[in-house]
Amino acid sequence: MTYDMNLPSNHSNIDFQEGKLNHLLDVDSLSLNSIENLIQSTDLAKKNFVSKTKIPTLKGKTIVNIFFENSTRTRVSFEQAGKLLSADFINVNIPSSSMTKGESILNTIKTIQSIGMDCLIVRHHHSGVPYLIARNVNVPVINAGDSMHAHPTQSLTDIYTIRTELGEIKNKKILIIGDVKHSRVARSNINLLVRLGANITVAAPTTLLPDSWVVQNNTRNLKRVKIISHYLKMESKLAKSDLVMLLRIQKERLDQGCLPDLDEYSKLWGLSKSRFYNLCPKIYIMHPGPVNEGVEIDSEILSLNNSLIDQQVENGVPMRMSVLEFCILK
Amino acid sequence: MKKLVLKGGLVCDPLKKIQRICDVLIIDNKITEISKTTKNEWSDEFNVLDLRGMIVLPGLIDFHTHLRDPGFEWKEDLHSGTLAAAKGGFTTVCAMPNTNPVPDSAPIVRNFIDKSYNSNVNALPFGSITKGRKGKTLSPMFQLQDAGVVGFSDDGDTIMDSNIMRQALLYSIETKLPIINHAEDVNIKNNGVMNAGIVADRLGLKGTLSSSEFLIIKRDIDLAKETGGRIHIPHVSTEQSVSYIFDAKKSGVNITSEVTPHHLTMTENWIYGLNGDIPEYLTTSAYDTNAKVNPPLRSENDVTAVIQGLNEGVLDIIATDHAPHSLNEKECSFDEALPGINNIETAFSQVYKLVDRDLISLEKLISSLTVNPAAIINRFEYGSLYLNTPANLTVFNPSTYWTVNERTLSSKSSNTPLKGKELKGRIVYTIFNGKIIHDEL
């Protein structure tokens, strides 16, 4: 079965967002040309990253990392990227528990802006907050993940990792398994991978598919993604795919009635040892992390060379270096 | 006191089946004559308004207004809300009961009515169906009726307990006042913040499925059918809801229903913040919280269905669901933003677009804002140009253009996605009890 996706066509001339500021709010505004440029500059940045040599590119610039939601890898990755570019880095953590309802996000942002900054990196537990902030500040805003909506730097890192490890993305058979309905990583990745010509299949129980894929009340003649929602069909697809991207199952999906329990999910949709060795021993494996070991994937497989999960984390730093450079200097 | 002549306008009064160029004469605040335009000279004692090219209609009635008074006066109050109503051409508004305190006892209702004597237009109260709008125990409906309510509503919250809804409908058999439901199954809604579908999926926002609305509508239709009670369905937004109401009317259920200007004219695409256009990529205008409303703006199909429902008489009235919210209640994340659109000042211009595009007739549009709501509140004198009763009229210029400016809105709030947008057609005069209370010319 295939469903229409509400995705933009390949646009030719858009670099980041409108206006003078280079916000990076999602991958949808990046032209293929910009993506290619980012990949190339990540290649260069990777050399600095590997040798841990600082370069003075962003000397004198102040970057503020403001996280309204907990994060380890994304926050640290941005910080390391900024520091390798010699930027000054300020971390602001505002856990959601301390943001009482009605307390204004914009007031917080304006306070920080008056202290002085050249770029703002935002993570928030509500979709769209980076857009709200971008409307109200005069520095570039980078989305470091907004709830279910987008995670552009993770997605660009994934693209870079696939390019580095598997080569050209066009026509690669990629299987995405899991909670696409609630996943910002899946949303951004599907957008990019489709535009780059990959052959995408999404496999998930129907309860974890986006509403418009299930209750089809709108059709636009756009790019197509193949959907599988029976685990046996997922198994036969595993055997034919080059790469599988596993998505994290959040425990709160159980409370919402989407799944009976993690055990069922793991049996039906998990990448078990037997599935891996019998069906797809050559397949590459990605996961945006953190992994629920034994749920989405068996722990033993994680340590094999098939897993690109460590590369995904490593490549995050040079990719974020090139994103920072692009947003602040271009 | 000068006598007033409304000269040369197209007078439309659906109840009296008038739709022709006429002069309207107002003496001592009452309409004394509606006659063909003949006389050209009027003596000095007459104030003559030249209304050639304009439409003269009975003062509009809004059956669904949030005046926020008492309890939420930073958003709106009786004065500002009725001033905004006057600007929008309304001479009667019905105030929804999600106030603090909730009008669930006679003294609270009487207090509102006392205050409303000073308001700019008629402000009629609804009472709550249940005490505190909590959906658990019925309000004392007969006492509220004696105090002057025109109907009952727990607007904003669904009475999920079907038994309580049924008891309320049983009471309505004798009060003969409408029980106005709020159709949102909270379990299916599951914290949804916009219409479920392709736009919500693209924006990563939690969706509210159509079924959250039509399942409750279906339930309440069946309860009204079983009890013989009097049900009114507010702000209908989905295709399936229209079809259930159509069936209910056919089978003789005592039901009326309403639709808002925004559900008639806007789709979920307005949340992209680009006048309803679908962007190639999301811009910084996306996540427009001013387009967040309950029930949510729906798909193109739903908009077509509610327009058709209005045309075929399945939906009886247009009501604004004017829902003012302050800036900081909207300048936040889409999830946190309070739902509601501030639209009483723009409503008529918005829906007149449907007449301009030949989607509904002028007569149908005016009926749905005058005689039809007057029938629901059983006050026909508010919805027609009766001779020798206090003159309530509205004059609309269909060909002028104007821009919605947040600074010139009379409402205390400006939470409308039409901010800065140009609209065609404008209310130019509102006459309430014979006096010109709004003059745009």
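Helices (H or I, at least four residues) and strands (E, at least two) are DSSP runs numbered from the N terminus, and the axes used below are lines fitted to C-alpha atoms, for helices over the stretch in contact, with angles running from 0 to 180 degrees between N-to-C directions. This is a predicted model, in which local features need pLDDT of at least 70 and side-chain atom pairs count only at pLDDT 80 or more, while totals for chains, interfaces and linings use all residues. Residues are numbered from 1 along each chain as its sequence is written, chains are lettered from A in the order in which they are written, and side-chain values use heavy atoms, without hydrogens and water.

Within chain A, helix α1 (residues 32-51) packs on helix α5 (residues 152-166) at an angle of about 75 degrees, the axes lying 11 Å apart. The two helices of chain A, α1(A) and α5(A), are therefore roughly perpendicular (65 to 115 degrees). Their contact (heavy atoms within 4.5 Å) involves the residues tabulated here.

| Helix | Residues in contact |
|---|---|
| α1(A) | E36(A), L38(A), I39(A), T42(A), D43(A), K46(A) |
| α5(A) | L156(A), I159(A), Y160(A), R163(A) |

Between the chains, 30 residues of chain B meet 37 residues of chain A. The buried area (accessible area, 1.4 Å probe, lost on putting two parts together, summed over both) is about 3000 Å², with 53% from carbon and sulfur atoms. Of the area that chain B buries against chain A, I198(B), Y281(B) and T284(B) supply 25%, more than any other three residues. Zero salt bridges are found across this interface (a side-chain nitrogen of Lys or Arg within 4 Å of a carboxyl oxygen of Asp or Glu). Helix α6 (residues 198-203) of chain B gives the most to the side of chain B touching chain A, with four residues.

Technical notes. Angles under 35 degrees count as roughly parallel, over 145 as roughly antiparallel, 65 to 115 as roughly perpendicular and the rest as oblique.
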